[in-house]
Amino acid sequence: MNDYCVITTANNKGGVGKTLLSKTMGEYASIILGKRTLLIDLDPQTNLSRRFIDMRLLSDGSEDYAPPIHPDWSSNDKEWDGVSSSADIWFSGEAIPYPTDIKGLDILPAHAQLLADVELVNKQDVYLKVVRRLRDFLFLPDVMSSYDLVVIDTRPSKGPLTTAALHASTHIVIPSEMEAPSVEGLFGMVALRNNINIGRSRDEQLKIIGILPNKLQLSTQVHREHMELLTSDPNIAPYILPVNIGYRTDYKKSMYRDVGSIFTFPPSNKARQEIQEVCRVIFDRVYG
Ligand SMILES: Nc1ncnc2c1ncn2[C@@H]1O[C@H](COP(=O)(O)OP(=O)(O)OP(=O)(O)O)[C@@H](O)[C@H]1O
Ligand SMILES: [Mg+2]
């Protein structure tokens, strides 16, 4: 059976843990499950890309990042400038993933300015020019035979790039803080997913793996109240995962490039144990 999966991490609210979860799911899938995994960074902030490769700060004063020269490029290559990014899926149609330090884990990095241009597409052109392109790319025989799994990190918005990611996905996972802005975002994300499913056949429905409470401290009243609110809402409650992520500085640490994967932390490390269990539950739902 072909179990090729495309998982998008989405929540249109910022800072809820999308990039942390995308990074950690990619590492879990490649290191622990041995899956050939492709990470795709669709966020012009380039946060996920900077966790894995040495991105270039553009010298135009913009503070924007772009990918470095690809390790497979040679100066004899006259048809390629040596740089590839996720934006190439839309511009040239050919995108060449970069290897990471982790065996079996590649990344198609973001290019801040080119991705921002993709987002500028006219509203009426969104479906044909943006949304369909990513799906077509990810289901090319070449891509499907190179990878078992694709994990897409999105920006905090429901714009064309996030919509394209959802249209291209088999699964979605939604991290959320248990505070007002990100909880409000959940209803919109579930509605967007339901909308996408209108156009899909019964066996191709976009599945919600779950809503993952992040930075959760049940000793905090506002977190408890939001958990209660969600668990009593019949449209949301079935999606809340039976695991969550607490607020731990080791998660911040695991995002530094020189620290590397949280799966290199000692097995006794609480953050590692917690997020390993989260990944186990997530991938059980995907492959189980
Ligand atoms: N459980 C946690 N404990 C401590 N720090 C966390 C936790 N989860 C995320 N963080 C930190 O919070 C910040 C935001 O996390 P992250 O970048 O993953 O969110 P995001 O949803 O991708 O943000 P954006 O919407 O801007 O893309 C980062 O500095 C990250 O290291
Ligand atoms: Mg992010």
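A backbone N or O atom of V16 lies 3.0 Å from an oxygen atom of ligand 1. This is a polar contact (a pair of N or O atoms within 3.5 Å). The model is predicted: local features need pLDDT of at least 70, side-chain atom pairs count only at pLDDT 80 or more, and totals for chains, interfaces and linings use all residues. Residues are numbered from 1 along each chain as its sequence is written, and side-chain values use heavy atoms, with hydrogens and water left out.

R248 also takes part: a polar backbone atom of R248 is 3.1 Å from a nitrogen atom of ligand 1. K252 uses its side chain, with a polar atom 3.5 Å from an oxygen atom of ligand 1. Taken alone, ligand 1 exposes 630 Å² (Shrake-Rupley method, 1.4 Å probe). The protein buries 87% of that.

## The shell around the ligand

Ligand 1 is surrounded by 20 residues (a heavy atom within 4 Å). The closest are K18, T19, L20, N214 and G246. Which element gives the largest share of the shell? That is α1, with three residues. By class, the shell has seven nonpolar, seven polar and six charged residues. Here Gly counts as polar, and Asp, Glu, Lys and Arg count as charged.

## Salt bridges

Side chains of opposite charge can pair when their charged atoms come close. The whole structure has nine salt bridges (a side-chain nitrogen of Lys or Arg within 4 Å of a carboxyl oxygen of Asp or Glu). K35 forms one with D3, and their closest N and O atoms are 3.9 Å apart. K35 lies in the loop between α1 and β2 (37-41) and D3 in the segment before β1 (5-9), so the pair ties together parts 32 residues apart in sequence. Helices (H or I, at least four residues) and strands (E, at least two) are DSSP runs, numbered from the N terminus.

Notes: Chains lettered and ligands numbered in written order. Polar contact = N/O pair within 3.5 Å; in protein donor to acceptor, adjacent residues only side chain to side chain.
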